[in-house]
Every structure is written in C-alpha cells, then in structure tokens.
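User: I'd like to go through this model one feature at a time. Could you take my questions as they come?

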Amino acid sequence: MTTPCIRMFRRLEGLFCVYKPPGVHWKHVRDRIETSLLTGVNGTPQRPLPQVVKFLAQPGAGNDGSSELTLSAASVPVLASHPLVSGPEFQRIPVAVGHRLDAFSSGVLVLGVGNGNKALSDFYKTPATRDYTLEGEFGTATDDFSHTGRVVERSTYGHITQDKLERVLAMLQGANQKALLMYSNIDMRSQEAYEMAVQGLLGPEGKSAPILKGLRCVRFEPPHFTLEVQCLNESQKYLRKVVHEIGLELRSTAVCKVVRRTRDGVFTLQDALTHHHWTASDVMGAIQQYHSSKKLRKSPHTQTKDPTIQSRGEDKKTESQQSEISEETAVSTVL
Amino acid sequence: MSIVSLMLLAAMASSCIQLCCRRCSGLLRSKITVQYSTQAQHCTAVLTASSRVSNGSSFLAGICAASHTRQRWRQQMCFYSEHKAKPLTAEANRYKDAEELSGSDVVAYKNRLQNATDSLPVTDSQVTLDVDAAKSLSALEEISDEEAVSISVPSALPPATTSLRDYVDKSETLSKLVQLGVNLWKLEQRPNVGSMLLKLDFQTDVAPRLLFLKDIGVEDSRLGYILSTNPFILSEDLENLRTRVNYLRSMKFSSETVASMVSRAPYLLNFSVKRLDNRLAFYQQQLGLSTWKTRDVVARLPRLLCGSLEPVKENLKVCQIELGFKENEIQHIVVTVPKVLTANKKKLTQIFDYLHNTMKLPHHLIVKFPQVLNAKYLRIKERHLFLQYLGKAQYDPTQPSYVSLDRLVTLPDDTFCTDVASATLQDFHLFLKTL
C-alpha cells in the first residue's frame, strides 16, 4: 500500500547536483543530504493507526460466574504500528555520489537518489568532460601543491608575462591533444577518425590517464592567475599539480588556491543547490527540473543522431534504443 | 540490537495472568485463577528444573495424567514457557499428529505413555498423549458461552524477541508509555532497556515517579522526552530522587529552575548528592565566580552537572594557553555563553584561528561578543567573505560603517543580506557559488 511517505520518496528519485563548499568532505555532504531528505519524507502527515476489534467482558455482569454473558466490542488502535514503537517509515535513503570532490575543492557535485543511482552509474561511465576553474599564485611551491601546505620553495615571478604563460599553456594543450589521439585507439588515417573528430567524440574509453581537452587563461594579474580547464578522468590533485608544473615551466613556482568545478556533464553551476537549499522540497524541485530537461534533450536528439556512430560504448546502446523508440513515435506523430 | 532476555519469562507469565484475570474478571474468576496458578507452577517448575527436563516428554506425560478437557490451551501456554526451540517444534508436531489418531492405536499409545517418564525423548511423531481425551475434543461440538470465553486463545507472545513491538499491545506499562510519547523504538536499541521496561509495573513503579516529576513542576509534554532520554529514572529509588531535589533547593535553586533543569538534563536526578555537590564546587572554584553567577551558569546549561569534568578542564586550558585569553576574559565568556565549556576543542580553535588571523580581530573584540565562538565556522567564513567582496568587512567600532560581530553571526540570512550587506539573498547565493 503506498503511503504518503512512499509517494514522496518516488518523487525524490532521480539525479540532482549540489554546490559543495570548500573545506567540507564529500561524505558529510552526502550524509547531510540524506538526513534532510529523511526528515522531509518522514515528516509527511501520518495515516491513522489501524484498528482492531477486541471483545471485553462486562465487569459486574455476573459475579458468581453464572450463565449471563455480556461482551462489549471495542475498536482499539494497534499500538504496534505506531511510529514511536515501530520506528519511522524510512530509516535509510539510498543517496549516491557521482564524481567525487576532495575536501580542498569546491563546486558541482552530482548526487543520485533511489532509482536515480542506476542512471548515475551510467553517467559515471560516459566520456563526458568536466569544467574546472583553477586559481593560482606565483612565487611559492608547497608539498601538496595548495596554499595550505608546507612551503618548499620561494621564487621571484617578475619575469613572467602573459605571452610566456600563453606559450606554456599552448605547449601543454598540444601534449594533451597527442595523448587524446593515442588513447582513442583509432587509426588516424581513416574516415571514421575524421568523422569522430568533427563531432568531438574522440576520447579514451573507460579508465585512462587524465587528459585536458581544453586549457586557457582567463585572468592574469601577477602573482594571481586563473585558468579554465575541460578535462577527462582527472583528479583534483592532478589539477593542482598542473598548476605547479606551469610554475616550473615558467622558471618560477606556483601554488593552486582554488579548484572549483563549474560543470559536470550536463549539470552546471546554475542548477547546483547551495547548502541553504538542501531541504527535501528544494531537492524535489531540482530532480523534477532534471527529468524535464532530460525529456527536452531526448526529443531534438533523435533527428540529428547517426546510428552508425552510436555503436561505441555501452551506454550508447541504451541511448540508441531510446532514440529508435522516439523515432518511431516521431514518425507516427508526423503521419 | 538488544535481545530481550529470557529472564522476563516469569514476569511475562505473571503479567499474562494479570491481564487475563482483569479481562475475564466478571466471570469464572475462581476457576481461571486456579487453572492459571497451576499453569504458573508448571512454568516455574520448568524454569527451575530446565536442565533436568529433557525435551519435555516427561513433562507432557505429567499433564496427560490429568486428562482434563482443557489440556489443549494449557499445554500451549506451557509450550511457550519451554525455552528450547527444537523440542518446541517437535512437541507441536507430536501434538498435531496425536489429534488425528484413530481409536485403534489407543492401546499401543497407552503403553508408550507409561514408558515415557523414564525414557529419552521419543523421536517418532505419533505418541504420548491420552487419546481418549483427544477423541472427545471435536471442533464442531457445542459448548456453552462460559466455556467459549474461558478458552482464551493463547497469545502468540514470543518468549524472546528483539523488539518491543510484539509486547506493546498486551503490556499496560508499554501502552501507557507510548501514550505519554516515549520513543520505544529508540529505547529498545539500547542494551537491557527493553527488558527493564517490560519488568516494570505501571501502578507501583512508573506512576509514582511520574507524579513525583509533576510535583516538582515538570510539564506533561516534557515527560515523554525525559523518559526517552533517561529511562533509568524509573528504576531510581524515590527517596533518593527526593533527597537530590531537596539538596538542589537547599543550594538556593528555585522550584521553577529545578524543574527546567530536570526537563533539559534528564540524567540530573540519577546522580548522587555528593557528585552534584562536587561539581558545583568545581565550577565555583575553577571559574572563580560568585555563587549567584555559578548558579546562573548551571541553571542555563544543566548538563554541566551531568557529564565528566575532564573535557571542561581541557577546554579551560585551551582557552587560557592556546587562545590566549586572560582569567577575567574567560569568566566573561563563560557567563555569557556557557556552551564554550562543552564545545569541541578542534572546532573552537578553528573558529578562533579564522577570527584572529584571517579576519584580524583583536582579543578584546572577541570577548565583547562571545557568541561568535558558538557559531558555525562555515557561516562566519561565508558572511565575512561576502562582506569583504562588497568592501564592507569593517569590524572596528572606532571606524565608520562598522559591522558588529553579533549581527554578523546571529542574524538570519535575509535580514543579514538586506540590513548589513545591502544586497539581495539571490546575490548572496550566487556569491556562494563562486567560493
């Protein structure tokens, strides 16, 4: 029997993203979200307790135990179903985390609830890129590449100009592009490779070394600078190491002050919920927004996708099945 | 999860007896009590001689010798008192098969019956009941209303279980506790609390203590919370409770204060007078406060009297050595915000480090607004960075456009944004996404 709690839980199933503040472990974020969802789901108004009919003998009807027998029927609530005795209806809610963020970084963190966890594992396997903003500072080098670590070296940075920085970034981007082509396992001289490159589908499948698909400098005010990165299979420590290596290439030193993820797949900063909005109702709104945007993304997709290219990758199989189904419906509506 | 111990069986049997007696009070009182008392004797015999009773076959033989028409329910009550699970099912099988016996096997079974007292448990399934009695018991036979009432269905109360759910409808104590608002589900997870609650009798144990709490001024709505947090108050001696309340009153705590202290720190009255005295003396001595101020601090945070003193001593040392506050500054902080004494040391040092080294606040300003030490670190950080971004992070009272620390920390988000930062709440949330 569906209770109001279960109906609310069904509406909470899906994917959504939150903004993880810096300095907080991702596990605490997940636990806090689970607690607030539990309070929301268990807070729905309870149904009245089931009643049971009990027959009680009338006192004083026959004290000598004689033939007169009067019983009265009373409908009493079954206390064993009371939430104070059997506990709240939901004691755990399965909340899973997508690509993790370490405690130093901040940014978009994708979470899934209930049935959405299956979509989350598919999402995890797709070769979607992630956008990061890295803020660095010249002049120091530390042991863990961040400004909170132990200082290992100090150096001057007066000789660094934007032109030199751009040259270093271009060199890094070239090296990463070479790695991308190498990991994508396609013969570079084939037509297939050209078509995939045109569509931007070149990339490693599954696990590989971290690859930066795009890298550019958005702000340069020595000693501070800001980089924007699109990457695959990365970790936040690797990104801080990239900043450190940029400093070394420029014959100085650099530390990373902020690592901020601005996009994870289709989830952007705009959809992310700050910690003031980690309540059940706000999360429900975010999940419903995700479901409706998923439908919008599917319908224009079916006309443009070429089914031959979609043969690679496990998740693409499901997508092609869905696209076939929606193609049929589109054809039927046209007719 | 805790397992309700089998020691409660005696209590359960006696409470069952009481319940059934109360229900059928008007009728057959004498008959039922006699029957139940014999059953109780059987039960106690089982419990004491449990080692000697091997699988209950001799036990059954003892019952069969009586060959009463009411064997059926009596045996089943005794089945539930048998504490070994395997023979229980074996007995049940034996009993079920015995009912289907035909008359031709009577002689053979009677012989077996005589041998059963000396022999080991008989393993084959058709045995050891008086078949004459079994034959006369038919489900379709007409019986009078009195007999119908006296055949009470044996309640399916399990002898041992991990949850109080199975007993709550039958036990008066548990139903009354649920009606008061006690969270039985939380309590049964604590070891031994479930069995303790079951063994209590409402009229003699629970009711006098609840009335005592009401007398000292605790409100009815708080009784559920107090019992959920501290169920052991029901097993505490009433005289001790009265002595402790009198001691607190002798230390010049008013009646309302004592009531509020008990409702906010439910474990308070479980501690001896000596321990309470010890703690009050410690706070007065260590903090160097007057009696009135000590009383005020303890009245506002009564759990200071309940917990251990070691964390408090460490916190005081942290404030003195690590944070660098002077004696009179610590006194002022504790009197304004007593929670600092029980705060987490790491969090306290983290907040202080941010306030002093990043926000560049001097000691005397922090002492002036001790509430900041009680606030959440993330909150202080976000609000400070927002004000810094807007260029309004000015905490020095001598300079213009001064922002006081208590307004920084205690105001709710929307008031903070409009009054202090002169920005909208959406701007604040957008700014948070850039950190």
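**Salt bridges, a loop threonine and a helix**

Analyst: A:Arg261 is buried, and so is A:Asp264, where buried means under 20% relative accessible area, exposed over 50% and partly exposed in between (1.4 Å probe, protein chains only). This is a predicted model, in which local features need pLDDT of at least 70 and side-chain atom pairs count only at pLDDT 80 or more, while totals for chains, interfaces and linings use all residues. Residues are numbered from 1 along each chain as its sequence is written, chains are lettered from A and ligands numbered from 1 in the order in which they are written, and side-chain values use heavy atoms, with hydrogens and water left out.

User: What is the N to O distance in the salt bridge of A:Arg261 and A:Asp264?

Analyst: A salt bridge here is a side-chain nitrogen of Lys or Arg within 4 Å of a carboxyl oxygen of Asp or Glu. The side chains of A:Arg261 and A:Asp264 meet that rule, with N to O at 3.3 Å.

User: And how far apart in sequence are the parts tied together by B:Asp413 and B:Arg383?

Analyst: Those two side chains form a salt bridge of 2.9 Å, N to O. B:Asp413 sits in helix H24 (residues 413-420) of chain B and B:Arg383 in helix H22 (residues 377-390) of chain B, so the pair links parts separated in sequence by 30 residues. Helices (H or I, at least four residues) and strands (E, at least two) are DSSP runs, numbered from the N terminus.

User: Why does B:Arg383 count as buried?

Analyst: The cut-off is under 20% relative accessible area. B:Arg383 counts as buried because its relative accessibility is 1%.

User: Which residue's side chain makes a polar contact with that of A:Thr129?

Analyst: A:Thr129 is in the loop between helix H4 (116-125) and strand S6 (130-138) of chain A, and it is buried because its relative accessibility is 15%. A polar contact is a pair of N or O atoms within 3.5 Å; within protein, one must be able to donate a hydrogen and the other to accept it, and residues adjacent in sequence count only if both atoms are side-chain atoms. At 2.8 Å, the side-chain partner of A:Thr129 is A:Arg263.

User: Which residue caps the N-terminal end of H12(B)?

Analyst: Helix H12 (residues 202-216) of chain B has 15 residues. A side-chain oxygen lies 3.4 Å from the backbone nitrogen of B:Gln203, and the capping residue is B:Asp201.

How values were computed. The expected span of a helix is 1.5 Å times one less than its number of residues.
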